[in-house]
Amino acid sequence: MMRLLRKMQNNWVAKVLSFLGAVLMWFYVMKEQNPITDATYTVPVHVQNLSDKYVVEDIPKQVIVHLRGPRNTILALAQNSLRAYVDLGDISPGQQNVPIQFVSPSGLVLVSMTPDNATISVDEYMVKEFPVEVQQLGKVADDIAVKKISTVPKVVSVSGPKRLVATVSHVLLKVNMVDRKSNFTSSGVITAVNAAGGVVDGVTITPRQGQAQLELEQIRFEKNLPVTVSTVGEVPAGYVVRSITVDPQQAIVSGKESAIGGLSEIKTVDIPLQNATETFAGDYELRQEDGMTAVPTRVHVTVDIRKKLLGDTNAKSH
């Protein structure tokens, strides 16, 4: 009986020792097959809980994280699942330091993160509207003038940190004017500038693209026009105007296209016919409107007036 008990006791010890050996062997194999290893990742930084009444500058776009863990866990890790963030739910205007936070995936340990904090600038969010102004680059020819300028859009909004938006004085759309001789359309980027003409960076312009439509006209537009004699009143009864002649019969009229483009004739000043009973002649001014010049400025007019004869069919009634 005692022999049997001793034999069983010896078997029990052997079994325990075998079990411990198996456990140690498993740990050894696992360590050799799936060792602890390190890995470094570039992780984007997200913003959480930022109030829409604030804008924040100087937040790092990404951080470098150093993780440690079993190789199999490292290999199975999807990098796009890693996420760093700053919680801005309790900020106020000014400069302040905030921690950058990172939650390690299960089974991995965060060894280090660079940077692990950020000094940020917080400002109030501001929106202001400005009319779009055209900045002309270069000059048109000396005989060309800008008649009208229109823009699309007429007004844009400038938004961003209050300290920057407050410095904006104008928003400009630059247009190249060199060698322009007729109406044209130009597109480009709208920029915000301060009172000194410097570009204000760090603001958002909506919309950013603009279009300018410019109407040009010739300052020295010329036309050769017939001269028309303008008379007022009538000759006395029993008299007729047989003919009116003018010399020269044409004049060269120059000026802005808008002033003379639609003219088909140029008239003399009014010549009165009241009480005229005989032929008369004289030099009379041509009627010139603002923005135009006539050459010559005076013409010679002859008005042939005679007594009306019975059967006189050549007479002109006035």
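I'll start with a sheet: three strands form an open sheet in the order β17-β23-β21, and the pairing is antiparallel. Strands here are DSSP runs of E with at least two residues, numbered from the N terminus, and two strands pair if DSSP finds at least two bridges between them. The edge strands are β17, residues 239-247, and β21, residues 280-285, each pairing on one side only. From one strand to the next, the twist averages 25 degrees; axes are lines fitted to C-alpha atoms, and angles run from 0 to 180 degrees between N-to-C directions.

A word on the source. This is a predicted model, in which local features need pLDDT of at least 70 and side-chain atom pairs count only at pLDDT 80 or more, while totals for chains, interfaces and linings use all residues. Residues are numbered from 1 along each chain as its sequence is written, and side-chain values use heavy atoms, with hydrogens and water left out.

Back to the strands. β21 is joined to β23, residues 298-307, by 6 bridges, and the two run antiparallel. Within that pairing, D283 has H300 in β23 as its bridge partner. As background, strands of a sheet pair through backbone hydrogen bonds, either parallel or antiparallel.

Next, another sheet. This open sheet has 5 strands in the order β6-β4-β1-β3-β7, with mixed pairing. Its edge strands, each pairing on one side only, are β6 (101-102) and β7 (109-114). Inside the sheet, β1, residues 36-48, and β3, residues 62-70, pair in the antiparallel sense over 9 bridges. T37 has G69 in β3 as its bridge partner.

Where does D58 lie? D58 is in the loop between β2, residues 54-57, and β3. Is D58 buried or exposed? D58 is exposed because its relative accessible area is 52%; the cut-offs are under 20% for buried, over 50% for exposed and partly exposed in between, with a 1.4 Å probe and protein chains only. Leaving aside neighbours within four places in sequence, D58 contacts A118, T119, I120 and S121, where contact means heavy atoms within 4.5 Å. With S121 there is a side-chain to side-chain polar contact at 3.4 Å, that is, a pair of N or O atoms within 3.5 Å, one able to donate a hydrogen and the other to accept it, with residues adjacent in sequence counting only if both atoms are side-chain atoms.

Last, a ring. R180 lies over the face of F184, 3.9 Å from the ring centre. The rule asks for NZ of Lys or CZ of Arg within 6 Å of the ring centre and within 35 degrees of the ring normal.

Notes: Helix = DSSP H or I, 4+ residues; strand = E, 2+ residues; numbered from the N terminus.
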